[in-house]
Amino acid sequence: MQHSDICIAGAGIIGLSLALELHHRGARITVLEQAMPLGEASTAAAGMLAAADPDNPPALRPLSDLSISLYPSYLTRLRDLSGLEVPLHTSRALQALPEHMAETSAVLSADALRQILPQLTPGNRRFVLLDEHSLDPRQLATALLAAVRATTIELRTQTKFLSAKSSGDAVEIQTAAGTVHASQFVDCTGAWSTQTAPKKGQMLAVALPASLPLATVVRTPDIYIVPRAAGPKPTRAIIGATVEDAGFDKTVHPADIARLKAQATSLLPQLADATLLESWAGLRPVTADHLPLLGATPSRTNHFIAAGHYRNGILLAPATAHVMAQLLTGETPAISLSPYSPSRVL
Ligand SMILES: Cc1cc2nc3c(=O)[nH]c(=O)nc-3n(C[C@H](O)[C@H](O)[C@H](O)COP(=O)(O)OP(=O)(O)OC[C@H]3O[C@@H](n4cnc5c(N)ncnc54)[C@H](O)[C@@H]3O)c2cc1C
């Protein structure tokens, strides 16, 4: 019989960030991953830390703000454990307001917009400038995995979680490779959780032409363009993303990629001749109200869930790890978790 304090199913950014936080607090952790760690949504993402995106539900803001405040210490912990620095690639975002949003004094004049990004053709869109960072989720994943491997966290890859049932003070977890016993169990299986659904997102990466030295994220309700700087100058940009109900299908369709690129080109015409470098798809874990599920699973003793981070799991990982670790170790969470209560759907 193997026993850990806490068993986590799912080695995406949510499961592994929580594992690290709990390990830091002295818990013995086992993580079960059905395939390879960080091989799903967490490396398909664009990496925007978009706390102030007007498309986010207002109830997401406290968790988003907490995460932004925790990001520096989260990255420092990853660096201390892994020896790998995760750089921030951008520090501001031009955000187009949705049509229904009221005018605000923050809306940039045509002159101000031209000064920030002369290549932008805004049309009749109203843009504001946000203090917002982005990072490369692949770099983050490399550092996160190396950090986990530098600890005593037991990470079992190719080990599918099948079921968990409470027995006394413990939880008995069935996997495809035997039984695990733990005091508590946390479902971090993202789009595979029975409480969430997958929302497919297709994306592409292009080489930035020399005529477009883009250093700012550009985002409208329909499209975003996220520059990545490999060195001092941005060399590529991520363009995304579709939002589709397609089950667990991750097929990339050239017609959808061409449509995304055309939408981006309507904002930044210099992208017309940009070379396509890569395209891919990932599965966002979504809930009906677009808010994550964070907390105890109702009527199942010692069962918890941290899933359903939809379009913001990279942003929300540090705060999710923090508040879930507080909950699991009997502390009062730093913010009210009632908007994210699993009992609203379970
Ligand atoms: C195209 C796209 C763009 C995005 N852009 C952004 C962005 O700019 N900013 C942002 O903050 N977020 C973004 N996101 C959202 C973000 O990627 C997700 O919210 C986040 O990665 C969810 O993390 P997770 O750990 O819950 O899920 P995942 O990374 O999907 O991890 C879940 C893991 O659980 C494993 N698993 C599933 N079932 C089992 C089982 N039965 N047993 C064991 N293991 C199991 C899976 O194999 C997987 O490794 C984007 C997502 C997509 C798809």
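## Nonpolar core

The largest nonpolar core has 53 residues, and Ile 8, Leu 140 and Val 186 touch the most other members. Such a core joins buried Ala, Val, Leu, Ile, Met, Phe, Trp, Tyr and Cys residues through side-chain atoms within 4.5 Å; buried means under 20% relative accessible area (1.4 Å probe, protein chains only). At least two residues each come from β1 (3-9), α1, β2 (29-32), α3 (61-82), α5 (137-149), β15 (303-307) and α7. The top contributor is α7, with nine residues. Helices (H or I, at least four residues) and strands (E, at least two) are DSSP runs, numbered from the N terminus.

## Model basis

This is a predicted model: local features need pLDDT of at least 70, side-chain atom pairs count only at pLDDT 80 or more, and totals for chains, interfaces and linings use all residues. Residues are numbered from 1 along each chain as its sequence is written, and side-chain values use heavy atoms, without hydrogens and water.

## Ligand contacts

Around the ligand sit 37 residues; Glu 33, Ser 42, Phe 161, Tyr 310 and Leu 315 come nearest. A residue is near if one of its heavy atoms lies within 4 Å.

Ligand oxygen atoms lie 2.8 Å from a polar backbone atom of Tyr 310, 3.0 Å from one of Gly 47 and 3.1 Å from a backbone N or O atom of Ile 14. The protein covers 98% of the 1000 Å² of accessible area that the ligand has on its own (Shrake-Rupley method, 1.4 Å probe).

## Ligand shell

β13 gives the most to the shell, with four residues. The shell divides into 19 nonpolar, 13 polar and five charged residues. Domain 1 (1-87 + 136-196 + 287-346) and domain 2 (91-132 + 197-286) both give residues to the shell, so the ligand lies between them. The domain bounds come from an automatic or database assignment.

Definitions and conventions: Polar contact = N/O pair within 3.5 Å; in protein donor to acceptor, adjacent residues only side chain to side chain. Nonpolar A, V, L, I, M, F, W, Y, C, P; charged D, E, K, R; others polar. Buried < 20%, exposed > 50% of the residue type's maximum accessible area, 1.4 Å probe, protein only.
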